[in-house]
Amino acid sequence: MRRLCGLKPYFELPPGLVLRCREVHFWCLFPEDVIDSSLLKVYESLLSCQERKEVYKAKTEKLQKERLLARTLVRTTLARYAGGCIHPSHLEFTKNNFGKPELLWPKYIVEKHGRKFPALCFNLSHTDSIIACAVTNNLMVGVDVEESKRVTRKDLMALARKKFSLKEASWLGSFQDQERQRQQFLKLWTLKVSYVKALGRGISGSPLKDFTVHLKESFWARKMIEDATALSCLSEAYTIQLELSNAAEVVLQNVGLSHDALHFLLFQPTPLQYASLCVQHPNVKADLHLSTHEDWKFYFWKTLPLAWDEPLKGATALAITG
């Protein structure tokens, strides 16, 4: 459904959509859709003074617009889950010890309405062509988006050996076709960055070499994807498996999780991007085991904040935890 509403406050969820446990909501904004300069002025009014300073620190108008749209997407998206009680400009944020932003519902608004607001977790990622925000209900989440046409400046295999685990570099080296190898590199990169972002510790706290992401063609991957999403799916769908070094296991244990406590989905919002979502299983601690794909649901929306939103069409799922 596409809803046009001028510049009226439009922060509610689409009809019938509620953020439940074991759900991930993916909201994306395409900068090319924002062509009205007056809309940009409205977006700027939603930001805090510090956020506006960060926007104008960018050296080019293009980067300034990208930063403005990213902060606008976060504020308008999260405000949806407050049931119309909180204006996006009133949201407050803090950061964890590693710099990952976290939402704070304003205390005076919570007291005013006398109700409990959802303990939202969110993560943001953006490239030149897309800005994405993932939201969950009290579950750690990471999202990464990368341009599918991205070309590395350095030798790709040299970069893989430097950044990835030995097993990942060996797997990439098995591809003789350079374009195929580049695409597989980008898939791994996107998955690994979403994992690091879900943990919220930064790459220095969760080095990319300390864990291995395995992509394996699987007969069951397509069925699992169809159960969890409404996305189309390639016939050669993959399952995703995570292998951790001892150091990476310690990092997870420090946050009370085990290696099977994280769930991945790899997809393409459009043919121009790869995107990965990594989310924590609900109530899974290091000494418990839970099915990795049971009852998971992923929802995908395209939005122009304060104007319209609609289901993301044409996205293609590539792989899922299995």
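Student: How are α1 and α3 oriented to each other?
Tutor: α1 and α3 are oblique to each other, because angles under 35 degrees count as roughly parallel, over 145 as roughly antiparallel, 65 to 115 as roughly perpendicular and the rest as oblique. This is a predicted model, in which local features need pLDDT of at least 70 and side-chain atom pairs count only at pLDDT 80 or more, while totals for chains, interfaces and linings use all residues. Residues are numbered from 1 along each chain as its sequence is written, and side-chain values use heavy atoms, with hydrogens and water left out.

Student: What angle do α1 and α3 pack at, and how far apart are their axes?
Tutor: The angle is about 60 degrees, and the axes of α1 and α3 are 9 Å apart. Axes here are lines fitted to C-alpha atoms, for helices over the stretch in contact, and angles run from 0 to 180 degrees between N-to-C directions. Helices are DSSP runs of H or I with at least four residues, strands are runs of E with at least two, and both are numbered from the N terminus.

Student: Is that crossing left-handed or right-handed?
Tutor: α1 passes α3 in a left-handed crossing. Left-handed means that the near helix is turned anticlockwise from the far one by less than a right angle, and right-handed means clockwise.

Student: Which residues meet there?
Tutor: From α1 there are L40, Y43, E44 and L46, and they meet K65, L68, L69, T72, R75 and T76 in α3; contact means heavy atoms within 4.5 Å. By class, this contact of α1 with α3 has 5 nonpolar, 2 polar and 3 charged residues. Ala, Val, Leu, Ile, Met, Phe, Trp, Tyr, Cys and Pro count as nonpolar, Asp, Glu, Lys and Arg as charged, and the others, Gly among them, as polar.

Student: While we're on α3, is R71 buried or exposed?
Tutor: R71, which lies in helix α3 (residues 61-79), is buried, with a relative accessible area of 18%. Buried means under 20% relative accessible area, exposed over 50%, and partly exposed in between, using a 1.4 Å probe and protein chains only.

Student: What does R71 touch?
Tutor: Not counting residues up to four places away in sequence, R71 touches L47, E51 and F93. The side chains of R71 and E51 are also joined by a polar contact of 2.9 Å. That term means a pair of N or O atoms within 3.5 Å; within protein, one must be able to donate a hydrogen and the other to accept it, and residues adjacent in sequence count only if both atoms are side-chain atoms.

Student: New topic: how do α6 and α7 pack?
Tutor: Helix α6 (residues 166-173) and helix α7 (residues 178-199) pack at about 155 degrees, with axes 9 Å apart. That makes α6 roughly antiparallel to α7. Their crossing is right-handed.

Student: And who meets whom?
Tutor: E168, W171, L172 and G173 in α6 meet Q181, Q184, F185, L188 and K192 in α7. This contact has 4 nonpolar, 3 polar and 2 charged residues.

Student: What about α5 and α6?
Tutor: The axes of helix α5 (residues 156-163) and α6 come within 8 Å and cross at roughly 160 degrees. That makes α5 roughly antiparallel to α6.

Student: Last one: where is L306?
Tutor: L306 is in the loop between β11 (297-304) and β12 (308-311). L306 has a positive phi of about 70 degrees although it is not a glycine, and at 5% relative accessibility it counts as buried.
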